Amino acid sequence: RALRAAGYTLDPTISPKVSTTSDGRPAVVLDVRHGKRHVEKIPLTVDKPSFVQDIIEDAKLSDRIGRLSVHIVRSTTGNAPPLRLDVDMDESGKRVVKWQNYALQPGDQIVVSKDDRTFLEQMMSSLRPGRS
């Protein structure tokens, strides 16, 4: 309960240790929550890093959903709870801001949904400390 209260989205259908595809390649889980939920494992490239914006563009999520709300759930070692990495979007809600375009690690769960906040809610969230 404490993890849910802190904003973590823990889904019992997705193992936090899922880090490879069936053929053994490193992978992340893309969890799109827009209307009907869609979960898929996406292989990572080995020769260069993959970033959050790469996944959003490859899946054409901005075209399909519009303004996006994105966060990453990253498993940790030992018994520590997973990390939740919030991903801020630019004013259009379609591009990740440069300083939060995280490099993805095998096993990351990228959770994407439609950003339904009002203009006032968006402005208030941008005024929180640590945000620009």
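Select H34 and look across to strand 2: there K36 stands opposite H34. Strands here are DSSP runs of E of at least two residues, helices are runs of H or I of at least four residues, and both are numbered from the N terminus. This is a predicted model: local features need pLDDT of at least 70, side-chain atom pairs count only at pLDDT 80 or more, and totals for chains, interfaces and linings use all residues. Residues are numbered from 1 along each chain as its sequence is written, and side-chain values use heavy atoms, with hydrogens and water left out.

**Stop 1: the hairpin**

Now select G35. In the hairpin of strand 1 and strand 2, one residue lies between the strands, and G35 takes a positive phi near 70°. Colour residues 27-34 for strand 1 and residues 36-43 for strand 2. The two strands run antiparallel, joined by eight bridges. Two strands count as paired if DSSP finds at least two bridges between them.

Is strand 1 mostly covered or uncovered? Strand 1 is mostly covered, with six of its eight residues buried. Buried means under 20% relative accessible area, exposed means over 50%, and partly exposed is in between (1.4 Å probe, protein chains only).

**Stop 2: across the sheet**

Select V29 and find Q109 opposite it in strand 5. Then select V73: its bridge partner in strand 5 is also Q109. Strand 3 (residues 68-74) pairs with strand 5 over six bridges, in the antiparallel sense.

Zoom out. Which order do the five strands take in the sheet? The order is 2-1-5-3-4, in an open sheet with mixed pairing. Strand 2 and strand 4 (83-87) are the edge strands, each pairing on one side only. The twist averages 20° from one strand to the next; axes are lines fitted to C-alpha atoms (for helices over the stretch in contact), and angles run from 0 to 180 degrees between N-to-C directions.

**Stop 3: the core**

Select V70 and I110. The largest nonpolar core has 20 residues, and these two touch the most other members. Strand 1, helix 2, helix 3 (61-65), strand 3, strand 4 and strand 5 each give two or more residues to this core. A nonpolar core is a set of buried Ala, Val, Leu, Ile, Met, Phe, Trp, Tyr and Cys residues joined through side-chain atoms within 4.5 Å. In soluble globular proteins, nonpolar side chains tend to be buried together.

Show the contacts of I110 (heavy atoms within 4.5 Å). Leaving aside neighbours within four places in sequence, they include V28, L30, I55, V70 and L104.

**Stop 4: two single residues**

Select Q53 in helix 2 (residues 52-58). Q53 counts as buried because its relative accessibility is 5%. Not counting residues up to four places away in sequence, Q53 touches K94, R95, V96 and N101.

Next, select P26, in the loop between helix 1 (2-5) and strand 1. P26 is partly exposed because its relative accessible area is 25%.

**Last stop: the whole chain**

Show everything. The protein chain has four helices and five strands. Along the sequence, the pattern is α-β-β-α-α-β-β-β-α. Of the 132 residues, 36% count as buried.
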